[in-house]
Amino acid sequence: VCFIPGGLDCSISFVSHVLGKVCIHGRQKEILGVLVPRLADLTRSDCIWQRICWRLVEGVPDRWMEAVVLGFVQRAPRADVLSRLLGNLVVKNKKAQFVVTQKMLLLQYGHTTAVLQSLLGYLSLDSLRRTLLLRVLQELLETWSSSSAVKHSPAEQQLYISKAILICLSHLKEPEIESCRQELLTSMMEGVKCHLDSSLPQLRRLGMVVAENISLKINTEGPVLKFEYEEDDETRELKSLLVQTPSFCVVPSLPDDDESGKAGAALPLVPEGNETSHRAAPVMPDEESDAELDSDDDLIPYDMSEDTELKIKAPVYIRDCIEVLTGSGSEDVDKWEATVKALESLVRKNPAATREVSVELAKILLHLEEKTCIEGFVELRQRAQVAVLTTDPIPVAKYLTSQFYSLNYSLRQRMDILDVLVLAAQELSCPKFHGKTKHSGAQKPCIQLLPGSDSSQGWRRIVDERIKSKTRRFDTGQSRVELASHPNEFNSVAGYFFFPLIQHFDRPLTTFDLLGEDHLVLGRLVHTLAVLMYLAVNTVAVTAMGKALLEFVWALRLHTDSYVRQGLLSCVSSLLLSVPTERILADMTEELLETQSWLGDVMEKDPDGDCRRLALQNLLLMENLKKKLEAVPS
Amino acid sequence: MALPPPDPQFVLRGTSAAVHTLHFSCGDPEPDIPLLFSGSENGFIHVWNLKTHRVDTALDGHGRKSVYCVETMGGKDRLLSQGRDQRICLWDLAEGRTAVTDSVFTEHVGFCRCSLLKVAQGRWLMAMAARSLEEVQILELPSKTSVCTLKPEVGAKLGMPMCLKLWQLSCGSQPVLLAGYEDGSVVLWNVSMGKALSQLICHQEPVMSLDFDSEKAKGISGSSEKVLSIWSLNEQQNLQVYKTHELVNAGISDITIRPDKKILATAGWDHRIRIFGWKKLKPLAVLDYHTATVHCVSFSDHSNPRDRLLAAGSKDQRISVWSIYVQT
């Protein structure tokens, strides 16, 4: 389509109609690919062409307006280009307004950041449109701060909305911020609360970044909200959105100035010392060699071989350790520190002595608080707990699982119990890895084992392939990974780890309600059960565990927290991998069929991407099982 | 074959509290008794008779707050003590009296020991940490008039002064102050003009103690880390690092150079006293007697070299007295 220039007074409504019809039929890309650059060029300096363009888009009938506007916004390279092309269309046309301010921002979330930038920039460039910008910001903030939106909308949509909010903020001018400062503050407070409540770390981070930046905008002087979180590409991208407009730059680099200043001040002194010492050093020895024999040589040194590093001795007996750890207050803190550091190795070296006092030790360790500032205290305590649990599994497991459901423990302590159980179970089921667990446990071993470690899923898939490649399986305790096989020590104690945890989950206590507020702990519990299930492969209790787990999963399958649902799906995976196929099909057929239909549902309709992926994986596993059974001649 | 280190010549017990400071007064000829003054954590100053090894007098002047500095002013009859009650007390001990004749309210809540320098007959200069965080005040005693206040420049961030040493090159010359600070630097101050001549960063951790040899213009400082730092003063009054010595265990509470400048002693947090030769900092001995951190070491001022003693006070409430390297 080419335009006829000239001073003709032509009506372009025909062109508008054509444009609209083409767009609605899905050919936006082709036509606008040619049209938009051409129009952009033409309208750059020519007002007449601008007006023609505006008339063009205004003339598109309402029923096709959405497609055209969407196309333009997507094609326009920058906000000012869009402004030239569309003019005040959003103000004049209701449909266009709806598309730009509502549909593209709140109902869709697939557009790129560049599109968002041009759209919101477009709204900010004209005073007529700025009111729309403010309204858009308010609506975005409402969504951002609504707790149901945070819980139920997919992470990608939440990221999109956060980006939009940040871009809007970057466009706002001081007087506008003044006028809506109060609302910004209220939304920010509510929104931060909902985001921090979420179990998914990505959402928490999103909330923190957005809240920090809102607070930065509304309190330009005075204390500003600051969170601690790990920077990653996403957060950096979000932060970069704030500084893009040259008209309103927020410079967050104040700390850098301080640091460079300090470094500058410190440097002149130290090199001075260094330089002069270099100068001094060659000078001094010369003088010394010239000097007379100094009477220093007359002084004969005494024997100093005893002068060694002072080491605080840790106790050598377990019972001594118990005494030191339970000892009163300001007693020898050095000894306390040395005991905490030495405890794990002592426990492992003296299994018989540990077994005598195992429950007492477990109790002490569970309640042990940091007295002095030791590096890695949390890890030391956890390793000691795991050592105690693996040395004397049954009584200590009984104790820990009962404490999990007791009153007056903090959430942190309950989650510690779960972590310890998982680590100990892993150690018991493959003792060969004992050396390796130490290394991988260097930082936060608990989180590595519990998902989202994709590595564990990958491992399962490898195991899965191995299952498929073997046509016949022997149930005689062959270890899954091809290493020397060891007796699975977890066999005799798996039940003690697993069943008590699953027993009381629906009984709320005054301070602990798994099905209510404490859904974070519930999520962790579910993941723990999945790992325990997985490690119980080839144990005697595995079928009973499988049945109990399946019932548990069924009861919780509609939980609103996506972290919990991911855990439930991992439980199903572990189940399918650990329980022998014959037993699954013999004892759990109906439940399995119900589960299969539920998995299909999750795969299609669940808002969370990870849940859908896990559901798909489970369905594949079920398929494999069926095929395998069909392959084996009965 | 090196000999094993010697045992203490005797041990003084009876303070019933950790010993924080020691000072000998043995210069008087017979029949005067050589004395050792010790300040303890329970606020008492004990006057030990070095012949009988018993406490002659116990002075209570700091309201049971720890005494962390004790000095004599020209003889054993006039004593100066500094305590955690924020006071410096001047005592008159002549003829058996035990009276506090005067006191200075320092308002200093830290642990910085004051430093005395005799400038003329009956006149002393005393450097002490003052109320304000980074300042050092110089007072003239006994008049208690302020000579000057040494303030580091704004933004220097030296922290609290940790240890002080006033000295002058010879009688009548300008008094100078060496101060070790919390940030690990040592600053040389000109007292009359009240300004800093030189600053040197000796340690990464606070300077716990320092001592200076004015004849050789060399000083040594110890800190809470493992390094002893030896620095020198050149003609332009600039401090330069001369040498460092690494110790086996971290933490030095006190350093003192013997008056004949041949050896020096350090009091360590690892319960050990270390003796070094001063010329080249050659390690000479490690005296391992105490069972808790050693807070202070002090050399005696006996006129007869063979009688010289070294005393160390520790948290284990004992004072060990040694006779070491007295043959030179």
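**Aromatic rings and helix packing**

Mentor: Searching the whole structure, which is a predicted model, turns up 8 aromatic pairs over all chains. Take the one formed by A:Tyr302 and B:Tyr325: the rings are tilted, sitting 5.6 Å centre to centre with 55 degrees between the planes. That pair crosses between chains. On one side, A:Tyr302 belongs to the loop between α16 (254–290) and α17 (318–326) of chain A; on the other, B:Tyr325 lies in the segment after β28 (319–322) of chain B.

The mean pLDDT of chain A is 76, and 79% of its residues reach 70 or more. Over residues 246–294 of chain A, though, pLDDT stays under 50, and the model has 26 contacts beyond four places in sequence for that stretch. Residues 470–481 of chain A also stay under 50, with 17 such contacts.

Now follow the loop with A:Tyr302 on to α17 of chain A. Helix α17(A) packs against helix α18 (residues 333–349) of chain A at an angle of about 145 degrees, with the axes 10 Å apart. The crossing is left-handed. From α17(A), the residues in contact are A:Ile318, A:Cys321, A:Val324 and A:Leu325. They meet a set in α18(A) that includes A:Lys335, A:Trp336, A:Thr339 and A:Leu343. By type, the residues of this contact split into 9 nonpolar, 1 polar and 1 charged.

For another helix pair in chain A, look at α22 (residues 393–404) and α23 (residues 411–429): their axes come within 9 Å and cross at roughly 155 degrees. The two helices are therefore roughly antiparallel to each other. Here too the crossing is left-handed. On the α22(A) side you'll find A:Pro393, A:Leu400, A:Thr401, A:Gln403 and A:Phe404; their partners in α23(A) include A:Arg414, A:Ile417, A:Leu421 and A:Leu428. This contact divides into 8 nonpolar, 2 polar and 1 charged residues.

Back in chain B, a couple of backbone details are worth a look. The peptide bond from B:Leu141 to B:Pro142 is cis, with omega near 0 degrees, and B:Pro142 is in the loop between β12 (136–141) and β13 (145–150) of chain B. Then there's B:Arg64, which has a positive phi of about 65 degrees although it isn't a glycine. You'll find B:Arg64 in the loop between β5 (54–60) and β6 (67–72) of chain B.

Note on methods
Residues numbered from 1 in each chain as written. Chains lettered and ligands numbered in written order. Predicted model: local features only at pLDDT ≥ 70, side-chain atom pairs only at ≥ 80, totals over all residues. Heavy atoms only, no water. Axes fitted to C-alpha atoms, helices over the stretch in contact; angles between N-to-C directions. Helix = DSSP H or I, 4+ residues; strand = E, 2+ residues; numbered from the N terminus. Parallel < 35°, antiparallel > 145°, perpendicular 65-115°, else oblique. Left-handed = near helix turned anticlockwise from the far one by under 90°. Contact = heavy atoms within 4.5 Å. Nonpolar A, V, L, I, M, F, W, Y, C, P; charged D, E, K, R; others polar. pLDDT = per-residue confidence, 0-100. Phe/Tyr/Trp six-rings, centres within 6.5 Å; stacked < 30°, edge-to-face > 60°.
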